[in-house]
Amino acid sequence: MAITMTEAAQAHVAKQLASRGKGIGIRVGVRTAGCSGMAYVLEFVDQADPEDEVFDAGPVKLVVDPKSLAYLDGTELDFVKEGLNEGFAFKNPNVKNECGCGESFHV
């Protein structure tokens, strides 16, 4: 089981961690929410928990709890800029459908 990040996402997270002044990477998880059932959760990580899966992603680490990894296996995290908008994009092969607003998904 694995999750990866594009170079653009790695650079963005590394820049944010440098601005923050601490941290090893970013935690990626899922929670029950939205109209399709699940939503992605991102947060900075200063230290991984013992049960976490930790993936090296260039200069940063991707940290995933075991329950979320089942839904995120094979996902690529990207950071995209479209016009004035920018943000993370998830390329998750496990997604069966997404809501119209793009905030939640179903596996």
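How many of the nine residues of strand E2 (residues 25-33) are buried? In this predicted model, local features need pLDDT of at least 70, side-chain atom pairs count only at pLDDT 80 or more, and totals for chains, interfaces and linings use all residues. Residues are numbered from 1 along each chain as its sequence is written, and side-chain values use heavy atoms, with hydrogens and water left out.

Seven of the nine residues of E2 are buried, so this strand is largely enclosed by the rest of the structure. Here, buried means under 20% relative accessible area, exposed means over 50%, and partly exposed lies in between (1.4 Å probe, protein chains only). Strands and helices are DSSP runs numbered from the N terminus, with at least two residues (E) for a strand and at least four (H or I) for a helix. Strand E2 pairs with E3 in the antiparallel sense over nine bridges, and Gly 29 stands opposite Val 41 in E3. Two strands are said to pair if DSSP finds at least two bridges between them. With strand E5 (residues 60-64), E2 pairs in the parallel sense over three bridges; there, Arg 27 has Val 63 as its bridge partner.

Stepping back to the whole protein, there are two helices and nine strands. Along the sequence they follow the pattern β-α-β-β-β-β-α-β-β-β-β. Of the 107 residues, 36% count as buried. The accessible surface comes to about 6300 Å², of which 48% belongs to carbon and sulfur atoms; such areas come from the Shrake-Rupley method with a 1.4 Å probe, and for residues only the protein chains shown count as cover. Among contacts between residues at least 6 apart in sequence, 51% join residues at least 24 apart. Contact means heavy atoms within 4.5 Å.

Next comes an open sheet of three strands, with the order E1-E6-E7 and mixed pairing. Its edge strands are E1 (4-5) and E7 (85-91), each of which pairs on one side only. E1 and strand E6 (residues 76-82) run parallel and are joined by two bridges, with Met 5 standing opposite Leu 77 in E6. Helix H1 (residues 7-20) lies across E1, E6 and E7, and runs at about 80 degrees to E6. For such angles, axes are lines fitted to C-alpha atoms, for helices over the stretch in contact, and the angles run from 0 to 180 degrees between N-to-C directions.

Within strand E6 sits Asp 78, which counts as buried because its relative accessibility is 12%. A polar contact of 2.6 Å joins its side chain to that of Thr 6. A polar contact is a pair of N or O atoms within 3.5 Å; within protein, one must be able to donate a hydrogen and the other to accept it, and residues adjacent in sequence count only if both atoms are side-chain atoms. Leaving aside neighbours within four places in sequence, the contacts of Asp 78 include Ala 8, Ala 9 and Gly 87.

Tyr 40 lies in strand E3 (residues 37-45) and Phe 90 in strand E7, so the pair ties together parts that are 50 residues apart in sequence. Phe 79 and Phe 88 form an edge-to-face pair, with 5.3 Å from centre to centre and 75 degrees between the planes. Rings of Phe, Tyr and Trp (its six-membered ring) pair if their centres lie within 6.5 Å; planes under 30 degrees apart count as stacked, over 60 as edge-to-face and the rest as tilted. Phe 79 counts as buried at 11% relative accessibility, whereas Phe 88 counts as partly exposed at 26%.

Tyr 40 also has a polar partner: its side chain makes a polar contact of 3.2 Å with the side chain of Asn 92. Asn 92 is found in the loop between E7 and strand E8 (97-98) and counts as buried at 11% relative accessibility. A polar atom of the Asn 92 side chain lies 3.0 Å from the backbone oxygen of Tyr 71.
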